[in-house]
Amino acid sequence: MLEIHEIDVYRRDIQILRSVSLAAREGKITALLGSNGAGKTTLLMAISGLLKPRTGSIWLNGISIDRQPVHKIVEMGISMVPEGRRLFPEMSVFENLELGAFTRKARDTKDQMMEEVFEIFPILKTRSTQIAGTLSGGEQQMLAIARGLMSRPRLLLIDELSWGLAPLMIQRISEAINQINTTMGLTIFIVEQNVSMTLEMADYGYILENGRIVGEGEARQLLESDEVKDAYLSIGDV
Amino acid sequence: MAQVIIYGIISGAFYGLAAIGLSLVFGVMRHLNIAHGSLIMIGGFAAYWFFHLLKIDPFVSIPFVMVILFIFGALLYKGLFSHLDKLPEGQKIDNSMLVGFGLIWIIDNLATLLWTSDVRAVTPSYTGKVWQVVPGLRISFVGLIIIGIALLVIFSLHLLLTRTYFGKAVRATAQDRDAGNLMGINVARTYLIFFALSAALAGVAGVLAAVNYSVHPMVGFEWLLKATIILVLAGVGKIGPVFAAGVLLGIAEGISVYFVGATYREVVGLVIFILVLLRRSMR
Amino acid sequence: MEISKKILVLSGIVLLLLILFPLLLGTEHTVNLFIMLFITIILAQSWNILGGYTGQVSLGNAAFFGIGALSFHFLAWRWGLPFFFALPASGIAAVILGSFIGIPALRLKGAYFAIGTLALAEVLGITVGNIFPMAVYIPTAHITTYKLLSRYYLGLTVAMLTQGVAYLIIKSKVGLAMMAIRDDDEAADTSGVNLFKYKFISLVFSSFFSGLAGGVFAFYQISIMPSFLFSPRWTFEPLVAASVGGSGTLLGAVIGSIFLIILQELFALTLGKGYLIIFGAMFICVILFFPSGLVEISRRIRKSFQMRIGIPKKAEFSTKERG
């Protein structure tokens, strides 16, 4: 579904990503792992259009998206749950979800989508009129994911799911993500520092270090590989 | 004394209308378009020409004036202010202020060249009509219309911002622009339409200015000062406080005229303004 | 600090030319033009130190100009103080006003400071206009002995003084602090730069020389409307001149003012105020596309020219003065 061919991405004239290539297969959960500063968020920003690669190309089901404006990419079916959630802090849960369904086609199915989302995250229904800025960290993360789903995307990008959350909450949310993947068949691309949790959830994984892909493979194999064990499990373990 | 209050409310309704465009754009997009006063002036002249050349009643001409200013505002945004969107907030505010300032020179002096610096006013037949509500308490017909239009604008803006998707998009992008883009909102186009809308609102104020006061090419600066005072008094982005501040200012001016005479009328607002800023600087 | 020989020689030549000009080539019209040019340069450089170098955009310089002019008028013409006393006094009067404003106002954020100073100038203008609604004149005794040339040389002297002091400030540690504040005031603050102190020094300079400009104007004009002394044009035209010429550079104020006066002359017979339209458009272009104004544009042209001929050049830094 998503193919990235050798992109170089710069932020303020500093090169962050070097010749990165990867693919996210339809219906699967693909993970990108790497420590802080490796370039994970930059990669997601490049996919969603907030940054443009200087060389290389990005393809969504055969259509080139690296030159498209952000809102067009959203219309084409990519939705992102950003790092730090980036909710609209002064608007209610309900309004945040409504805004998630901003695109024309999403508006038609808005009510139905909201019901589905409330089924996955019941707490959001209880708090639907509460102002987003006053929610707890875990609830905010759930809202961010729910908001991302409202546009009925074909590909969901998730940046740093576990950031600032307690282990129990992380567990619950990763279960929800698995549920979303299996019941909706949604392709998910998740970027994370927390290695073990992510690899247990994912089907396939990539490892990013200093802006380069240094490893890839089936998630189970990566989890058991020696390099990953040595390098990362000590850092990112829950 | 109650008469003073009535005139204060009418002035206040007008001041609110003059300031609302400026305040909304500053609140949402962080552009301080100080050429807003000149846009009001254009609105006033448009009403004048509609009335004198086409015999159209000024209040009827409001929709047409709004369209003209809407287009003009869109051009201004597309051509000039949009270039500033990428800047960090502090620079964006400063630079948009300076751009607005250059625009004042261009617009005001162009108007002087085209229309001469003569003072114009629109005086339809009902201009002098005044009603006696109770003995000693009079209110002008035009004044009532101004209040009516102000209420209409408040109501419509409120509906727009809370009930429509466009309005929600505006509020959302004001809180987080990138997140807005990620929702599929075309933020650039949203800003364009919103800016143009604020110009249209300036046009409305301009029409009212032409009827209730008068216009000449340099009058924009005066309206700008009023709008800025309101902006600082009312705080940013909310509709209600803008009009409340306007009424407050109108009444304060009325009181000062009552006791001290008309020569220091303009000073009242400016002094309030400076005092508010002073208090702010103490924090 | 060293003053480069090239600059000294060039300034010397320019100074000599300016001194000789009215004696050899000057007509009454051109001498008048130059006097206004000097006043504009003084005001533009005053604004530039506060706005271009320290990053504190002020829209109220007219207040300092007006106070200076008013003070000079009363001290010199009404109360008969000698000029050598009255002129610096007009600068000091402006500084006193500046200090009163500065102490609270400098704590405000950029745009609020700007419109606050604007409001202040307006308040002063209206109040003065109400207290002195009639035009005021130079006393007749002085009108009969009025010499235009002395106004010219006074303007020239004060302009050179302004330029010289500005140069000294910018090249000193004070200038360094100012530019640090302009570029990133939080970083400057955490590095130990006393924000208020340097902003205040900047304001003192700006108000003093604006006041002096007012004094020169009061010395020059035979009759003035007091409210006109506080008109926004005394803030805005120098501001735009400094910006178009290149805010944050030493020559920008001079170049911009020359441009302004030339444009004004060109349009005087045709479209009158039309020159403001062109200048306004140039100003907007500078804000949006060429932040360092004409100085930057001329340097870019020179650079591309040098590259074509293949002249090796010294390392180029950005046009804005950097510490």
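Student: Which residue in the hairpin of β4(A) and β5(A) takes a positive phi?

Tutor: N61(A), with phi near 50°. The hairpin has 2 residues between its strands. A caution: this is a predicted model, where local features need pLDDT of at least 70, side-chain atom pairs count only at pLDDT 80 or more, and totals for chains, interfaces and linings use all residues. Residues are numbered from 1 along each chain as its sequence is written, with chains lettered from A and ligands numbered from 1 in the order in which they are written.

Student: What makes β4(A) and β5(A) a pair?

Tutor: Two strands pair if DSSP finds at least two bridges between them. Strands themselves are DSSP runs (E, at least two residues), as helices are (H or I, at least four), numbered from the N terminus. β4(A) and β5(A), residues 63–64, have 2 bridges, so they pair, in the antiparallel sense. L60(A) stands opposite I63(A) in β5(A).

Student: What makes chains B and C count as touching?

Tutor: Residues are in contact if their C-beta atoms, placed from the backbone, lie within 7 Å. By that rule, 30 residues of chain C contact 32 residues of chain B. On chain C's side, α5(C) supplies the largest share, 13 residues.

Student: How do chains A and C stand?

Tutor: They do not touch. Their nearest C-alpha atoms are 17 Å apart.

Definitions and conventions. Contact = placed C-beta atoms within 7 Å.
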